[in-house]
Amino acid sequence: MATALTVNNPASVHSHEEHGEHHHHETFLTKYIFSQDHKMIAKQFLITGIIMGVIAMILSVLFRIQLAYPNTAFPFLETLLGRFAPEGRLDPNFYLSLVTIHGTIMVFFVLTAGLSGTFSNLLIPLQLGARDMASPFLNMLSYWFFFTACVIMLSSFFVQKGPAGGGWTIYPPLSALPKAMPGSEMGMTLWLASMVLFVASQLMGGINYISTVLNMRTKGMDLWKMPLTIWAFFLTAILGVLSFPVLVAGVVLLIFDRSMGTSFYLSDIVLNGAVLPNEGGSPILFEHLFWFLGHPEVYIVIMPAMGIASEVMAVNSRKPIFGYHAMVYSLIGITVLSFIVWGHHMFVTGMNPFIGGVFMITTLIIAVPSAVKTFNWLATLWRGNIRFTPAMMFAIGLVSFFISGGLTGIFLGNAALDINLHDTYFVVAHFHLVMGSAAIFGMLAGVYHWFPKMFGRLMDEKLGYLHFWLTFIGAYLVFFPMHFMGLDGVPRRYYAFTEFESMKQWLSVNTFITWAAIMSALAQVAFLFNFFYSIFHGKKATQNPWNANTLEWTTPVERIHGNWPGEIPTVYRWSYDYSKPGHDQDFIPQTVPFSQTMTSNLPHDFEDDPDVEKLQSEWIKQNSQEVK
Amino acid sequence: MSQSVIDKEKLNLQPKKFNMWLFIITSFMLFAAFTSGFIVYTQGSADKGIKIILPHAFIYSTIVILLSSGTMYLAFRAAKQLQFSKQRQYLWLTLILGIGFFCLQFYAWTVLVKMGVYLINPNASQSFIYIFTGVHLVHILAGLILVINSLVGSYKNAPPVKNIFRLEMASIFWHFVDILWIYLYVFLLLNQ
């Protein structure tokens with residue numbers, strides 16, 4: 001609704017007036033708070049995302065402490081959490097809330113809004129040659145809806161019964177019956193309110209991204225000259241626009257079940273000894289609606305990270321990305337396939353085995369475009385002049401996590417194996433590697449790489465390496481042992497395993513994982529210090545610190561409103577002309593026409609245009625005569 | 001940047017119109033999800049389903065909203081021919097017809113309640129009727145606000161380009177909610 005209203009708002013039309021350098025009337029409020037400049041909005045998304053990420057990380061350390069020492073009291077927990085940790089031991093219901101909110105914040109607030117919100121906003125106008133988004137006003141609104149959603153989500157820690165506790169997938173009946181558990185009461189209501197605002201924010205953002213990519217590219221920038229980052233953000237936005245409304249549909253029905261007494265999802269429930277009046281509902285219906293969003297959502301999380309990694313790896317290998325077209329087609333393939341695989345989350349819901357088989361096949365097919373991307377990254381690295389900048393390290397780390405997490409996806413996508421592995425730590429290990437760690441590494445690669453574009457300064461490299469190695473090793477130490485726990489049947493989301501004789505032996509592993517998690521959490525201090533210190537005191541960046549080809553590095557370091565002081569540059573070539581034979585530099589920016597690079601032009605550069613080919617061959621003839 | 005370039009960019013309303021189409025796609029996905037949910041639910045067992053004849057009020061409301069689409073088209077045509085008083089006339093008509101549709105849907109709900117078809121219902125297929133029409137009414141409300149917005153614009157003598165742009169946005173959305181209702185109504189008729 002909000003979109004429909006705001007599109008017509010005169011403010012969105014007026015905002016263009018500010019573009020001229022002569023009439024700048026920026027106050028603190030319009031520059032830093034309600035800014036409509038896409039670069040400022042990107043920074044707002046990034047810093048909010050980082051803060052949310054740190055909060056979610058602290059939550060994870062809290063529940064890891066419980067898993068490692070289920071019988072020990074920690075008085076500092078009571079000091080910190082009060083009634084949620086009586087006598088220094090985590091309340092079981094609060095444990096469930098911690099897990100739920102950790103998942104929600106990480107998936108939605110950090111890896112969806114923090115990742116897409118930051119880099120789509122920053123890079124779409126800059127890499128395409130646009131002065132701003134299609135609707136800057138809508139863009140500003142998108143951030144403030146997101147911010148409000150964050151505040152509401154965090155406020156649930158301050159209500160009497162604590163935050164939502166039904167898991168980030170909020171399956172009914174737990175989420176539909178306020179009396180079901182403490183985490184189903186006010187906390188759940190706030191969760192739903194927060195997510196409605198969040199979806200509105202994502203839709204506004206997504207609509208803007210798509211519209212900008214399709215309508216506002218500079219002269220010469222046809223779709224096949226766009227960097228892979230833009231392709232990834234574009235397809236991610238399409239995924240979001242098509243799948244988030246489905247979550248809204250599911251949530252609307254859930255709200256009716258919760259507050260009005262309808263029975264869309266509820267049937268035959270006995271609560272505290274009383275039979276509930278709800279009849280005829282089907283909780284499976286919610287799972288269908290949820291996972292129709294939920295599965296595309298994991299690609300919303302990973303695809304921007306893939307795009308960032310492709311760009312960072314090409315720049316720092318000083319080589320064209322291997323298989324540009326294959327990279328784009330595999331992104332498109334993932335986008336399409338991601339809509340027909342949701343059933344693999346529901347293999348054990350009593351699904352017809354035939355339908356399970358169909359979902360199994362589609363799931364395994366999605367491994368094909370994923371593998372195409374992986375091999376292309378490896379081939380890009382192959383015999384490149386690799387510069388191991390921190391951004392490059394994180395991009396390579398993404399590939400590593402994507403491979404090791406992706407392989408277990410082949411196990412889990414199998415309907416028969418899933419009976420054994422469903423809801424065990426094997427699943428936890430799988431998705432934390434393939435979408436959690438991989439996407440976070442993509443995001444961090446982006447932060448290190450485009451930090452100069454955001455703040456005009458460079459981040460410290462040494463701290464970057466420290467951050468990388470501790471996080472990389474830490475993540476593997478945390479998630480790799482979980483595979484074995486899962487294979488042994490240890491279920492996820494349990495408060496303690498002390499009551500089960502067969503699972504007691506995993507306590508030592510849990511202790512190990514917790515210490516690894518604490519180590520990786522501490523490693524983030526290196527990043528946080530580096531990030532915030534460098535904003536103010538980092539080394540001043542040059543205009544094009546990485547010698548990259550893309551358009552954003554042709555803008556002035558000062559980051560002016562409207563991006564380019566004069567006319568927007570025209571684009572003549574794709575963005576991956578690195579180490580082109582015959583050229584005196586190892587990069588040729590997209591703004592350099594072929595007429596200035598006669599020594600390095602290749603026949604396929606001209607897209608079969610006979611006139612230009614003739615010019616080039618005449619030039620070659622002339623020059624070879626001179627040499628004789 | 002020269003003034004003419006800035007002016008040209010200000011008048012580049014194409015991306016904003018495109019935003020509207022994208023928003024329509026998201027709305028459509030919302031209703032696609034509801035109707036798919038209905039199908040999944042109803043096929044769950046034989047005692048599910050609408051199982052009633054839909055009230056006649058829905059036929060009247062369909063006629064009303066079709067008429068309003070017609071007046072909206074006429075308003076847009078008048079605006080393009082710069083006949084602003086005619087444009088206002090047709091916009092008022094659209095607004096009245098839209099409010100009429102709103103009331104008729106409410107009336108249909110009261111008829112449903114009299115028939116014993118409640119929102120809170122062990123056969124949630126019948127609850128879905130309320131969800132479809134209710135969420136659609138929210139869209140109607142948004143459409144009415146857009147219509148009012150373009151009416152206000154035309155009374156304030158906004159420059160023609162802006163006036164036509166506002167009206168175009170309103171009319172794209174209004175035709176969409178019209179088509180959406182026909183989709184929902186046909187869907188319900190096929191399942192009654």
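According to an unreviewed UniProt entry, residues 17-192 of chain B carry the annotation "domain: Heme-copper oxidase subunit III family profile"; UniProt positions are given in the numbering used here, feature names are shortened, and annotations may be inferred rather than shown by experiment. This is a predicted model, in which local features need pLDDT of at least 70, side-chain atom pairs count only at pLDDT 80 or more, and totals for chains, interfaces and linings use all residues. Residues are numbered from 1 along each chain as its sequence is written, while chains are lettered from A and ligands numbered from 1 in the order in which they are written.

Over residues 17-192, chain B is 82% helix and 0% strand, with the end C-alpha atoms 37 Å apart. Helices (H or I, at least four residues) and strands (E, at least two) are DSSP runs, numbered from the N terminus.

Between the two chains, 44 residues of chain A are in contact with 39 residues of chain B; contact requires C-beta atoms, placed from the backbone, to lie within 7 Å. The largest share of the chain A side, 9 residues, comes from H9(A).

Chain A is divided into domain 1 (41-266 + 276-540) and domain 2 (557-627), with bounds from an automatic or database domain assignment. Their C-alpha centres lie 40 Å apart. The contact between them takes 18 residues from domain 1 of chain A and 17 residues from domain 2 of chain A.

Within chain A, the buried residues of H13(A) are Pro369(A), Ser370(A), Lys373(A), Asn376(A), Trp377(A) and Thr380(A). They cover an arc of only 125° around the axis, so they sit on the same side of H13(A); the arc is that of the directions from the helix axis to the C-beta atoms. A residue is buried if 20 or more other C-beta atoms, placed from the backbone, lie within 10 Å of its own, exposed if 12 or fewer, and partly exposed in between. The cover over these residues includes H10, helix H11 (324-337) and helix H14 (390-412) of chain A.

Ile321(A) lies in the loop between H10 and H11 of chain A. Ile321(A) counts as buried because it has 23 C-beta neighbours inside 10 Å. Not counting residues up to four places away in sequence, Ile321(A) touches Leu228(A), Ser310(A), Ala314(A), Met327(A), Thr380(A) and Tyr576(A).
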